[in-house]
Structure formats: structure tokens, C-alpha cells
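Here is a brief report on one protein model. Have the sequence and the 3D view open as you read.

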Amino acid sequence: MNRQFVVALLGALLVSSVMPAAAAEREPYGIGLEGFAYPYPVNMLPLVNNGEQVRMAYMDVASPQPNGRTVVLLHGRNFPSSYWAPVIKTLTDAGYRVVVPDQIGFGKSSKPQEDLHFDTLARNTVALLDHLQIAKADIVAHSLGGMLAVRIARAYPDRINHLVLTAPIGLEDYRFYVPPTPTEKIIETEDKLTADGYRKQLETNYSLKLPPDQVTPFIDARFNIKGSAEYPRWLRAFVASAQLIYREPVVHEIPLITQPTLFVMGANDHNAPGKANAPEALRPKMGHNAELATALAAKMQNGRAEVIPDTGHLVFLEAPAKYNELVLGFLASR
């Protein structure tokens, strides 16, 4: 055997034996999260958004003992809708049909080239209800999904029974604190982020107390996409969602919601998108989410806020027993 080949082979084996698993091969996902498993079968709804043909991914999970009611789960910005798995089981066990979409621009749905708008996402969600012949539903939303839920409740009040806002963002107008940031600058910042840096970002921004193995799927869903040839398109869509949060505040609409609304907040959740770009003197004023939710609920016709101690932004994963008790009790109320 050629001596140079043997030396090269031994060198390659040595490198692979000492290379950390995380730094070795990340099997690429497609930008539609092809390769990333969801807990239930995924269907696709064809739509047209701003002249662009897109597909909206969704799970439609039946209950073994249906009570005739449907809950729509709306995900946050940094999470695929698969993270709702334990809540889906809780709700289906209680008799609810559960519909779980990935909004356009997220998860297994299409990544559009245009800007994202809450009105468009709201129309898409109602189009999904129409497609599934669901006249009225309850909404349980998390984080960014809470902002979308507000838009749906305001634009389509006759389609919504109850509204559960789980650690929603958008409880303040971030434009009051954060200067406008060019899209290209956000793209550059996000592109430089490492998997380890992202894990620390989640733990810090969201005050997470989850075991590392529960956080890893979120890391994989974000960073395995980097191996896709279409990663730049995914990144631009991801950054478009950051601009959506900034440009289209909903806090001014929350007191106008008439449907019964429950805020479920983590006491330690101080997430405030764009906080790092705010002037240092203003940063301490941002992200007092439990207090903001309590104050907003008091202004609403039928609002209520519950704060769970020692929990952060992913309250339904950190305190599942208390969360399930609150949500099931609220949905069962008249």
C-alpha cells in the first residue's frame, strides 16, 4: 500500500477520533425542516401570499374521545411547532381536536422571499380553518404566536372562543426602546451565531431551566439547516420575522380584545426582542412581561393573568402540570 496514503488515512482517523461530536458532521436539513421529525403526520395547504405560491404545513390531531371542540396551537419564532407535542397530548386526552400549523416562514412551511405581515399570517390561519371546515376554535399561543393570536382575535372575532396567551412577546412596543435595525445587519449577526452561542442565547433570553437534551432539538432545528444549499433563503425569512415583531406591534390592540383571554406567564421571563440593540440606559425598562400581562389583563373586558413562579419563557415545558391545569380549566369555562 502506498506509504503516503497510509499516513493520510491514519491522520484522518486521528482527527475524527478526537473531533467533538458537535463539531463533526451535522446532517443537513432542508429549509422546510426535511429530516427533522414531527410527532404527528404533517399535511400541506397550498396558499398564495402576495402573488407567491407557498405551502403551509400543519398537524391535525384527533382526540380518541372527541368533545366537538378544536384548539389551534400557534408557535413562537425560534421553535418548530413540534415543541407543542406534550400540550397536544394533554388536549387530545381531554377531548379536543388539535390543529398545529407552522406559519409561512417557519418550520416545515414555505420560506417566502417577501416580508412577513401579521395580517397575512392571520388570513392564512383562517384559511386553514376554512379548509378543515372548522367554524370556531380556541387558540393557545406562545411567544410570537401570541402576537399573531391578538391579530386573529381582532380581525376575526367570530372565529375565536377562548384565547390563551402563553408567555407572549409584544406586550410592549419595542419601537419605544430599540432604534430601527437594517435587515442586512441582522442577517450578518444571525449568520455569525454558533450552535453553542445559540444555546446560551436561549438559556439567557428565555431564563430556561430545561435539561440540555430538551434544548438540543431547538439547536438542531436551527443549525442543521446551515448545510442546506438554500440556507441564505431560510436566513432571510428568519430575519424577516424579527422585523415583523418590530414593525407591527399589537400591544395597543390587546385591551380591545373581547374574547375570554388568559395570560400564562413565567415569573422569570424577561424576553424582549431587540433588547441588545437598545441604548444601555433603556434596556432595564424592557421585558417585565409578567407585570405587563397583569396590567393589560386588567384593562380587558374579559382578561386574566396567571404567573407561574420559577419559570421562564417556555412555561408549558418547564411547569407542565400547573400549565395544563390552568389551560384546561380556562378552556372548560363558559
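## Asp 213 and helix α7

Asp 213 is exposed, because its relative accessible area is 56%. The model behind this value is predicted. Asp 213 sits in helix α7. Its C-alpha atom and that of Leu 144 are 24 Å apart. Along the chain, 69 residues separate Asp 213 from Leu 144.

Helix α7 covers residues 212-223. The helix has 12 residues. From first C-alpha to last, α7 reaches 16 Å, close to the 16 Å expected at 1.5 Å a residue. Other parts of α7 are hidden: Val 215, Phe 218, Ile 219, Ala 221, Arg 222 and Phe 223 are buried. What covers these buried residues? The cover includes α5 (183-192), α6, α8 (231-247) and α10 (315-318).

## Helix α11

Helix α11 runs over residues 320-332. At 1.5 Å a residue, its 13 residues should span 18 Å. The end C-alpha atoms of α11 are 18 Å apart, which agrees.

Which residues of α11 are buried? They are Tyr 323, Asn 324, Leu 326, Val 327, Phe 330 and Leu 331. Seen down the axis of α11, these buried residues fall within an arc of 165°, so they line one face of the helix. On the other side of α11, the exposed residues are Ala 321, Glu 325 and Ala 332.

## Where α3 meets α4

Two packed helices are described by the angle between their axes and the distance between the axes. Helix α3 takes in residues 118-131, and helix α4 takes in residues 144-155. They pack at an angle of about 75°. Their axes are 9 Å apart. The angle makes α3 roughly perpendicular to α4.

Which residues make the contact between α3 and α4? From α3 come Phe 118, Asp 119, Leu 121, Ala 122 and Thr 125. From α4 come Leu 144, Met 147, Leu 148, Arg 151 and Ile 152. The residues of this contact divide into 7 nonpolar, 1 polar and 2 charged.

## Two loop residues with positive phi

Most residues other than glycine have a negative phi. Gln 133 is not a glycine, yet its phi is positive, at about 60°. Gln 133 lies in the loop between α3 and β5 (137-142). Is Gln 133 buried or exposed? Gln 133 is exposed, because its relative accessible area is 74%.

Ser 207 also has a positive phi, near 50°, and is a residue other than glycine. Ser 207 belongs to the loop between α6 (195-205) and α7. Ser 207 is partly exposed, since its relative accessible area is 21%.

## Ser 82, a buried loop residue

Ser 82 is found in the loop between β3 (70-74) and α2 (85-93). Ser 82 is buried, because its relative accessible area is 13%, and buried means under 20%.

What does Ser 82 touch, not counting residues up to four places away in sequence? Its contacts are Phe 36, Ala 37, Tyr 38, Pro 39 and Met 59. Ser 82 and Ala 167 are 85 residues apart along the chain. The C-alpha atoms of Ser 82 and Ala 167 are separated by 18 Å.

Note on methods: Residues are numbered from 1 along each chain as its sequence is written. This is a predicted model: local features need pLDDT of at least 70, side-chain atom pairs count only at pLDDT 80 or more; totals for chains, interfaces and linings use all residues. Side-chain values use heavy atoms; hydrogens and water are left out. Helices (H or I, at least four residues) and strands (E, at least two) are DSSP runs, numbered from the N terminus. The expected span of a helix is 1.5 Å times one less than its number of residues. Buried means under 20% relative accessible area, exposed over 50%, partly exposed in between (1.4 Å probe, protein chains only). The arc is that of the directions from the helix axis to the C-beta atoms. Axes are lines fitted to C-alpha atoms, for helices over the stretch in contact, and angles run from 0 to 180 degrees between N-to-C directions. Angles under 35 degrees count as roughly parallel, over 145 as roughly antiparallel, 65 to 115 as roughly perpendicular and the rest as oblique. Contact means heavy atoms within 4.5 Å. Ala, Val, Leu, Ile, Met, Phe, Trp, Tyr, Cys and Pro count as nonpolar, Asp, Glu, Lys and Arg as charged, and the others, Gly among them, as polar.
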